[in-house]
Every structure is written in structure tokens, then in C-alpha cells.
Amino acid sequence: MANKIVHWELMGPDGEQLKGLYDVLFGWETEAVPGFDEYHMVSGDKAGVGGAVGKGNEHMPQYQAMYVEVDDIDKYLAKVGEKGGAT
């Protein structure tokens, strides 16, 4: 089996606005994560694979991320380098 996506993030400069957009657009029910500024979890049963929407950070105010499960992180980081990527 191929490695599966286990989490994703859709982040922007205004986390509350972004949360509201996806709540209304897709009917997702989000839950704020205590201690994380404008970070809202979306349960897997509402959006397929669970993820989060919210506010980006000072280094990356807007980004999309996808997290993939692997059995050996060092092996996969080496593969990234072999294919010309950077970590």
C-alpha cells in the first residue's frame, strides 16, 4: 500500500475568516485548539482525512501542508535529497 495522507493544513493570514469560509462552504465543523492562535481542527469524519484550518505564522502567513505517514523518516528525507529536493 502507498503511504497515506494522515493530516493536512490550510492556513492564511486570518484564521477565523478562513475557518468561517470552510464551515459555510463545506459544512465542516471545526474545533479550536487551546494554546494555538486561530488553529481549528477538522475531524476526519467531516472532511475525509482530518486536518486543520487557521492562521499562518510570521514566517509563512499563508500555506498549505500535507502530512504523509512513513515507516522511516530518515529514509524518506534521504529520498527527497536524491530527487533534488531540500529538507
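This is a predicted model: local features need pLDDT of at least 70, side-chain atom pairs count only at pLDDT 80 or more; totals for chains, interfaces and linings use all residues.
1. What percentage of the 87 residues in the protein do buried residues make up? Buried residues account for 24% of them, where buried means under 20% relative accessible area, exposed over 50% and partly exposed in between, with a 1.4 Å probe and protein chains only.

2. Residues are numbered from 1 along each chain as its sequence is written, and side-chain values use heavy atoms, with hydrogens and water left out.

3. The protein contains 3 helices and 5 strands, and from the N terminus on these elements follow the order β-α-β-β-α-β-β-α. Helices (H or I, at least four residues) and strands (E, at least two) are DSSP runs, numbered from the N terminus. The C-alpha trace spans about 40 × 30 × 25 Å along its principal axes.

4. Among the contacts in the protein with a separation of 6 or more, 57% are between residues 24 or more positions apart, a contact being heavy atoms within 4.5 Å.

5. The accessible surface, computed by the Shrake-Rupley method with a 1.4 Å probe, comes to about 6,300 Å², and 55% of it belongs to carbon and sulfur atoms.

6. The structure holds 5 aromatic pairs, which are counted for rings of Phe, Tyr and Trp (its six-membered ring) if their centres lie within 6.5 Å, with planes under 30 degrees apart taken as stacked, over 60 as edge-to-face and the rest as tilted. The pair of Tyr22 and Trp28 is stacked, because the ring centres are 5.3 Å apart and the planes stand at 10 degrees. Both Tyr22 and Trp28 are buried, and together with Trp8 and Phe26 they form one aromatic cluster.

7. A ring also meets a charge at Tyr76, where the charged end of Lys79 sits over the ring, 4.6 Å from its centre; the criterion is NZ of Lys or CZ of Arg within 6 Å of the ring centre and within 35 degrees of the ring normal.

8. Gly44 belongs to helix H2, which covers residues 44-47, and it counts as partly exposed because its relative accessibility is 30%. Leaving aside residues up to four places away in sequence, Gly44 touches Val49 and Gly50. Gly44 and Val6 are 38 residues apart in sequence, and their C-alpha atoms are 9.4 Å apart in space.
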